[in-house]
Amino acid sequence: MLVIAMTSCNALKRVGDNELLLTKNTIYTDSVKVNNEDVHSLIFQKPNSTVLGYPLRLNLYNLAKKDPDSSYKAWLHKKEKREQRLINLLSKKQVERLGESFLVKGYSVWLKNIGEAPVVIDTSRARRSLQRLSAYYKSKGYFNNNTSFVLDSSRRKQRAAIDYNITLGEPYKIDSLQRSISSPQLDSIHLLNVTDSYLKSGNQINLEDLSNERERLTELFRNTGVYNFQESSISFDLVGDTTKIGTNQKLDILLNIEDLNKRTDNALTSSEYKVHTFKKINIYTDYSFNGLTDSLQSIDYNDFTIYYKDRLRYKPKALTDAIFIKKDSIYKEIDRIRTHRQISNLNTFKYPNIEFVEDSTEAKLTANIHLSPRPRYSLGIDFDVTHSNIQFLGLGFSPSLQARNLFKGAENLSISGRINMGASKDPSIVDNRFFNILEFGGDINLNIPRIWMPLFNTTKLIPNYMVPQTKISLGTSFQQNIGLDKETFNAILGYNWSPTDHKKNTIELLNVQFVRNVNPDRFFSVYQNTFNKLDRIANSYQNNPSLSEFYETPEGSTEPRLIIPEGASGFTKAILNKEVNAPLIHFNEVSSIEERRKRLSENNLIFASNYTYNKNNKISLTDNDFYQFRFKLESAGNLLSGISNLISFDKSENNKKLVFGVPYSQYIKTEFDYIQHWSISSDEVLAFRSFFGIAIPYGNSDNIPFARSYFAGGSNDNRAWLPYSLGPGRTQDVNDFNEANLKIALNLEYRFPIAGNIKGALFADAGNIWNVLDNVQDEAATFNNFDSLADIALGTGLGIRYDFSYFVFRLDMGFKTYNPAEENSKRWFRDYNLANGVFNIGINYPF
């Protein structure tokens with residue numbers, strides 16, 4: 001109660017005796033409460049912002065001294081000799097500066113900047129709000145609305161809420177539609193497309209419909225040849241009596257489209273709008289911004305004239321395929337936009353400039369497309385400092401070279417290398433140097449601005465305006481003292497195209513990955529949890545003379561343990577070959593451990609194809625009300641399986657078909673990812689994400705490669721668990737890196753402002769991973785039926801973020817609200833305390 005009282009008094013600290021602190025705005029239309037955020041945004045005065053109901057910014061503002069200069073001087077002269085003593089100690093100039101310092105004055109200024117002054121009710125601003133509200137509802141057809149406001153100060157001392165009341169009355173409707181179009185060609189175009197109008201007889205009058213109709217007509221005319229159409233030429237007149245009150249309130253709408261207005265040095269002239277066609281299209285490939293076109297050579301190609309200096313460095317077809325403006329065709333704004341976008345996506349030219357020159361004697365246009373080439377070659381260098389659960393310090397160096405227009409068809413080749421050195425305290429690493437882990441590799445990427453598919457013409461199926469691209473890449477990486485020291489080789493042949501700005505298709509016809517484990521004998525040194533589990537089983541057999549060679553007693557210990565790797569592999573072999581009498585439970589556990597060892601230490605060959613579809617309706621970076629959807633389907637091993645029917649492949653001991661001595665993976669995998677953001681207010685967002693993914697092995701595989709499996713936990717998943725620590729199912733920390741082939745994830749996050757660029761969030765993350773239709777038999781880790789949904793884990797927590805404009809730094813703390821790995825009676829809120837909170841650091845929002 002004392003805290004509440006102190007908070008209450010502090011909120012009124014800067015509110016005068018005859019003033020009222022605004023606590024709430026409520027809007028009623030015909031006695032019905034309005035919750036529309038757009039309507040509430042019309043009110044001039046808003047209550048002070050709150051964080052979870054607490055006026056944090058108001059109280060920060062109130063903590064600042066009202067007049068720090070006077071407070072400092074009062075303190076300085078409170079004691080007779082204080083000022084002189086400080087002058088003797090510092091100097092007069094330093095004493096004056098002390099009054100301007102952060103501790104004296106700057107601290108109060110900072111608090112005021114991040115805080116928020118109390119919103120004191122101003123009735124003049126309330127009346128202005130009424131004017132806005134009245135104008136808004138008039139724009140919806142309620143021309144005879146009446147407005148008023150009432151102050152409600154009865155609830156709390158020196159506080160008041162404002163109720164805005166609007167009596168709407170009957171709305172006006174459209175009686176008839178009339179038009180007055182000066183240019184005959186515009187009139188003809190309008191008549192052919194009048195059925196698409198936003199304005200219909202009998203509809204309620206809405207100024208938003210008038211605005212949409214103006215935009216529709218502007219877009220229509222500019223895409224039917226009228227290249228110079230001005231939106232300002234369109235106006236609407238409402239014809240009728242807007243003061244009439246009754247049930248039959250109707251108005252006529254008159255559409256006016258004036259002629260083209262041109263301002264010259266002497267006067268303002270007008271002329272009819274006309275449909276324009278292109279008589280000539282010029283492409284300048286070596287354009288200089290000084291406008292000089294002397295000494296240029298030219299060639300004609302497919303109704304285009306291409307100008308160049310010295311020699312033409314581009315294949316003519318590569319240029320003309322990116323241009324959608326055609327000779328003798330009418331002008332279309334959409335063609336200009338697509339041309340601009342396609343040229344920009346070539347990444348070969350700087351910002352393109354498209355100029356239209358009108359023939360003064362006839363409705364003909366000349367299109368001049370000015371292209372300024374980017375440098376043929378460019379170098380880049382990236383340097384990174386990282387920290388992870390593998391290395392406490394990592395340094396990364398990545399040089400790159402980009403070659404543009406490689407084969408004169410606007411193809412871009414990039415070659416990049418990377419080397420990462422890390423310092424790790426992993427006990428499995430025997431290297432005593434500070435930087436004791438190393439990873440290096442390189443990539444070659446070739447981007448072709450079209451669908452490259454020999455013997456097939458895809459232009460009709462995927463037109464050039466969809467910005468088609470072909471990607472060919474080769475890459476490799478090598479690791480030392482990282483896990484099993486993997487060597488990875490990959491190759492991709494892929495295509496992507498975008499039918500609209502909000503849809504994208506990606507096909508990877510070939511996605512080949514080969515992974516070689518250089519040091520598989522390090523398995524039990526790297527995967528300590530797995531080794532400890534095997535060693536605990538082995539403790540029961542340490543007195544067996546036939547197994548004594550597999551044990552050693554570490555220095556400083558009295559307990560024998562298995563020797564890595566000889567002892568672990570020897571003990572496993574003895575159990576599985578039944579060389580010793582072991583109970584069934586031990587046999588099954590050792591068998592499971594050995595299966596995991598083989599899977600994670602064997603080499604992998606993944607020969608896959610996949611298709612990905614992305615769709616979203618996000619308008620801009622500031623749009624907080626949108627959705628995103630991603631679907632992916634991947635298939636691996638089918639091509640090799642088909643070849644094996646024609647060519648006999650070698651087989652392994654367990655009857656797996658081998659390619660170059662490696663069993664190839666065969667599986668089908670699909671993913672669904674949906675994200676939805678709702679804008680609660682101008683600066684509050686509710687974000688939701690759902691994910692479902694499953695990979696089913698078959699044919700030549702009975703499990704999914706580690707690189708294609710799923711894990712749970714981490715800063716972008718369930719934040720109450722560390723990465724790879726959740727699941728599978730209701731198991732808990734079975735392995736060092738827990739993964740499976742089925743995943744469900746659900747995330748909900750409420751984001752709100754705190755002060756300035758500091759944001760806050762409350763979140764709930766649910767989900768888990770399971771094994772399904774593979775070689776894992778543990779019921780606790782497998783998805784058996786819908787009862788397994790009880791294994792979905794729930795993590796809740798809060799986060800704080802700092803918005804740097806270009807990126808967001810994020811710190812989240814999650815708590816295990818429901819942990820399926822615990823006993824049934826201990827699953828809820830078992831570790832729900834600060835000591836067991838899991839901290840995650842991330843860059844940008846998780847979804």
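S139 is found in the loop that runs between helix 8 (123-138) and strand 3 (146-152). Helices (H or I, at least four residues) and strands (E, at least two) are DSSP runs, numbered from the N terminus. The model is predicted: local features need pLDDT of at least 70 and side-chain atom pairs count only at pLDDT 80 or more, while totals for chains, interfaces and linings use all residues. Residues are numbered from 1 along each chain as its sequence is written, and side-chain values use heavy atoms, with hydrogens and water left out.

S139 counts as buried because its relative accessibility is 14%; buried means under 20% relative accessible area, exposed over 50%, and partly exposed in between (1.4 Å probe, protein chains only). Apart from neighbours within four places in sequence, S139 is in contact with I205, N206 and L207. Contact means heavy atoms within 4.5 Å.

Four strands form an open sheet in the order 2-1-4-3, and the pairing is mixed. At its edges stand strand 2 (32-34) and strand 3, each of which pairs on one side only. Averaged over this sheet and with direction ignored, neighbouring strands are turned by 30° against each other. Helix 8 packs on the sheet and touches strand 1, strand 2, strand 3 and strand 4 (159-167); the direction of helix 8 makes about 145° with that of strand 3. Axes are lines fitted to C-alpha atoms, for helices over the stretch in contact, and angles run from 0 to 180 degrees between N-to-C directions. Within the sheet, I27 stands opposite V34 in strand 2.

R179 has L255 of strand 7 as its bridge partner.

**Strand pairs**

Two strands pair if DSSP finds at least two bridges between them. The table lists pairs from several parts of the chain.

| Strand | Partner | Sense | Bridges |
|---|---|---|---|
| Strand 1 (residues 21-29) | Strand 2 | antiparallel | three bridges |
| Strand 5 | Strand 7 (residues 250-257) | parallel | seven bridges |
| Strand 20 (residues 486-500) | Strand 21 (residues 503-517) | antiparallel | 13 bridges |
| Strand 21 | Strand 24 (residues 604-616) | antiparallel | eleven bridges |

Strand 20 and strand 21 are joined by a hairpin through two residues. T488 stands opposite V515 in strand 21, and V512 stands opposite F607 in strand 24.

**D382 in strand 15**

D382 belongs to strand 15 (residues 377-386). With a relative accessible area of 48%, D382 is partly exposed. Leaving out residues up to four places away in sequence, D382 touches G396, F397 and S398. D382 and S398 are 16 residues apart along the chain, and their C-alpha atoms are separated by 5.0 Å.

**Helix 15 and its surroundings**

Helix 15 (residues 566-576) has G567, A568, G570, F571, T572, A574 and I575 buried. These buried residues pack against helix 13 (523-526), helix 14 (528-538), strand 22 (551-552), strand 23 (561-562) and helix 16 (584-601). After helix 15 comes K578, whose phi is positive, near 60°.

The axes of helix 14 and helix 15 come within 11 Å and cross at roughly 60°. Helix 14 is therefore oblique to helix 15; angles under 35 degrees count as roughly parallel, over 145 as roughly antiparallel, 65 to 115 as roughly perpendicular and the rest as oblique. The crossing of these two helices, helix 14 and helix 15, is left-handed, a term for a near helix turned anticlockwise from the far one by less than a right angle. L534, I537 and A538 of helix 14 make the contact with A568, F571 and T572 of helix 15. Of the residues in this contact of helix 14 with helix 15, five are nonpolar, one is polar and none is charged. Ala, Val, Leu, Ile, Met, Phe, Trp, Tyr, Cys and Pro count as nonpolar, Asp, Glu, Lys and Arg as charged, and the others, Gly among them, as polar.
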